[in-house]
Amino acid sequence: GTTLRDLAEAKGSYFGTALTQSNLNSSTITAIAGAQFDVVTPGNEMKWDTTEPSAGNFNFGPGDQIVSFAKAHSMRVRGHTLVWHSQLPSWVGNLPANQVQAAMENHVTTEATHYKGQVYSWDVVNEPFNEDGTLRADAFYNAMGTGYIADALRTAHAADPNAKLYLNDYNIEGLGAKSDAMYQLVSSLKQQGVPIDGVGFESHFIVGQVPGSLKANIQRFTALGVNVAITELDDRMPVPASAANLAQQATDYAYVVNSCLAVAGCVGVSQWGVGDPDSWIPDFFSGYGAATMYDANYQPKAAYNAVVTALGGT
Ligand code: G3I
């Protein structure tokens, strides 16, 4: 059949989506997710505030539900995320600096061990950079300095040696200060022999503003010997959506998929959510929406058809 997952798999790639626990209650969303996508990223369920809300008390129930849905539909899981400044329970930020490393290592070890063999990859560290390319002064950086990233990667690798380990960030899709900083970090980690398999380009785009350097940027990362994944693709526009913007969105989506397909080390594309009604965009960017391939009624948009064509379908 002509589904995104079948077409992507025929090209040695995948097409993923994010799903939350509440999405699993919608038969409309789950029907599309299971039919069209072959990779799932839990939207919130594997984040620290859910998985270890207080020190040493772990809750994997919500994440396990996403994993069972994935198994039932032969989808792989992108684990998201082990170490991140956001959705981090306050107890971590309140720890004395000399206790942060042990807390981080225990969190990474416990969660990666729980999901060992069940996740295809981990976003081990999420969004480490500021826009100017300096590292974010979060609880981990403040306690451990730059080395927290290598430490988190080594700890995750020890817990689940087969999981592909990623660093994931936004505004690193094109060439620029922030992606240069990620490039230097990955280069240095590789030189030190730190386990790292890939870089996630989140790809939260604005219609008509997808960076023209996307493909060149994917190429320079893969030349370091790591994979690239498009991890959270969406393409927002002012709502109500105009016909011109929906047409531009189709061009943008095809451009992103083609850029990934053109580079051997770009392993696949994931959209952040299934359709416009379950997208995070309207809650976070007032006046914007219509950011996905499925409309308000979960009908495929022009962007969907453009992706089918890019994947070689008709
Ligand atoms: O669970 C609480 C609920 O108890 C409360 O009543 C409600 C009221 O605000 O909030 C609920 O939590 C929300 C949570 O999503 C679960 O729905 C948070 O407020 C809300 O901030 C949170 O947003 C998530 C966001 O990450 C937080 O940074 C989005 O769903 C999620 O899609 C988004 O995903 C991130 C990726 O992890 C990393 N990259 C960017 C991407 C988009 O922001």
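1. Two residues are in contact if their C-beta atoms, placed from the backbone, lie within 7 Å. With that in mind, and remembering that this is a predicted model, we can begin with Ser279, which is in contact with Asp234, Gly273, Gly289, Ala291 and Thr292 once its neighbours within four places in sequence are left aside. Ser279 lies in the loop between strand E9 (266–271) and helix H12 (281–284), and although a loop is its setting, Ser279 is buried, because 22 other C-beta atoms lie within 10 Å and the cut-off for a buried residue is 20 or more. Ser279 can also be placed relative to Ala18, which is 261 residues away in sequence, while the two C-alpha atoms are 9.4 Å apart in space.

2. Turning to the chain as a whole, its secondary structure comes to 13 helices and 10 strands. The radius of gyration is 19 Å, close to the 20 Å that the globule rule gives for 314 residues, so the chain is as compact as a globular protein of that length. The C-alpha trace spans about 55 × 40 × 40 Å along its principal axes, and 48% of the 314 residues count as buried.

3. The interior deserves a paragraph of its own. In soluble globular proteins, nonpolar side chains tend to be buried together. Here the largest nonpolar core has 82 residues, of which Val124, Ala152 and Ala156 touch the most other members, and helix H8 gives the most to this core, with six residues. Ala156 touches Leu82, Val108, Ala112, Trp122, Val124, Ala163 and Leu165, if residues up to four places away in sequence are not counted.

4. How do helices H6 and H8 pack, and at what angle? Two packed helices are described by the angle between their axes and the distance between the axes. For H6 (residues 100–114) and H8 (residues 148–159) the angle is about 35 degrees and the axes are 8 Å apart, and H6 passes H8 in a right-handed crossing. On the side of H6 the contact is made by Gln101, Met104, Glu105, Val108, Thr109, Ala112 and Thr113, and on the side of H8 by Tyr148, Asp151, Ala152, Thr155, Ala156 and Ala159. These residues divide into seven nonpolar, four polar and two charged. Val108 and Ala112, which take part on the H6 side, are also among the residues that Ala156 touches.

5. Some backbone details call for a careful look. Most residues other than glycine have a negative phi, and most peptide bonds are trans. The peptide bond from His80 to Thr81, however, is cis, with omega near 5 degrees, and Thr81 has its place in strand E3 (residues 76–83). A cis peptide bond also joins Val239 and Pro240, with omega about 0 degrees, and Pro240 is found in the loop between strand E8 (227–238) and helix H11 (243–261).

6. Gln87, which is not a glycine, has a positive phi of about 45 degrees; its place is in the loop between E3 and helix H5 (90–93), and with 12 C-beta neighbours inside 10 Å it counts as exposed. Tyr298, also a residue other than glycine, has a positive phi near 60 degrees. Tyr298 lies in the loop between strand E10 (288–289) and helix H13 (302–310), and it is partly exposed, with 17 other C-beta atoms within 10 Å.

7. Is Ser27 buried or exposed? Ser27 is found in helix H2 (residues 27–36), and it is exposed, because 8 other C-beta atoms lie within 10 Å, where the cut-off for an exposed residue is 12 or fewer. Ser27 and Val67 are 40 residues apart in sequence and 17 Å apart in space, C-alpha to C-alpha. Val67 in turn is touched by Gln118, as is Val77, when residues up to four places away in sequence are not counted. Gln118 has its place in the loop between H6 and strand E4 (121–126), and it is partly exposed, with 17 other C-beta atoms within 10 Å.

Notes: Residues are numbered from 1 along each chain as its sequence is written. This is a predicted model: local features need pLDDT of at least 70, side-chain atom pairs count only at pLDDT 80 or more; totals for chains, interfaces and linings use all residues. Axes are lines fitted to C-alpha atoms, for helices over the stretch in contact, and angles run from 0 to 180 degrees between N-to-C directions. Helices (H or I, at least four residues) and strands (E, at least two) are DSSP runs, numbered from the N terminus. A crossing is left-handed if the near helix is turned anticlockwise from the far one by less than a right angle, and right-handed if clockwise. Ala, Val, Leu, Ile, Met, Phe, Trp, Tyr, Cys and Pro count as nonpolar, Asp, Glu, Lys and Arg as charged, and the others, Gly among them, as polar. The radius of gyration is taken over C-alpha atoms; the globule rule is 2.2 Å times the number of residues to the power 0.38. A nonpolar core is a set of buried Ala, Val, Leu, Ile, Met, Phe, Trp, Tyr and Cys residues joined through C-beta atoms within 7 Å.
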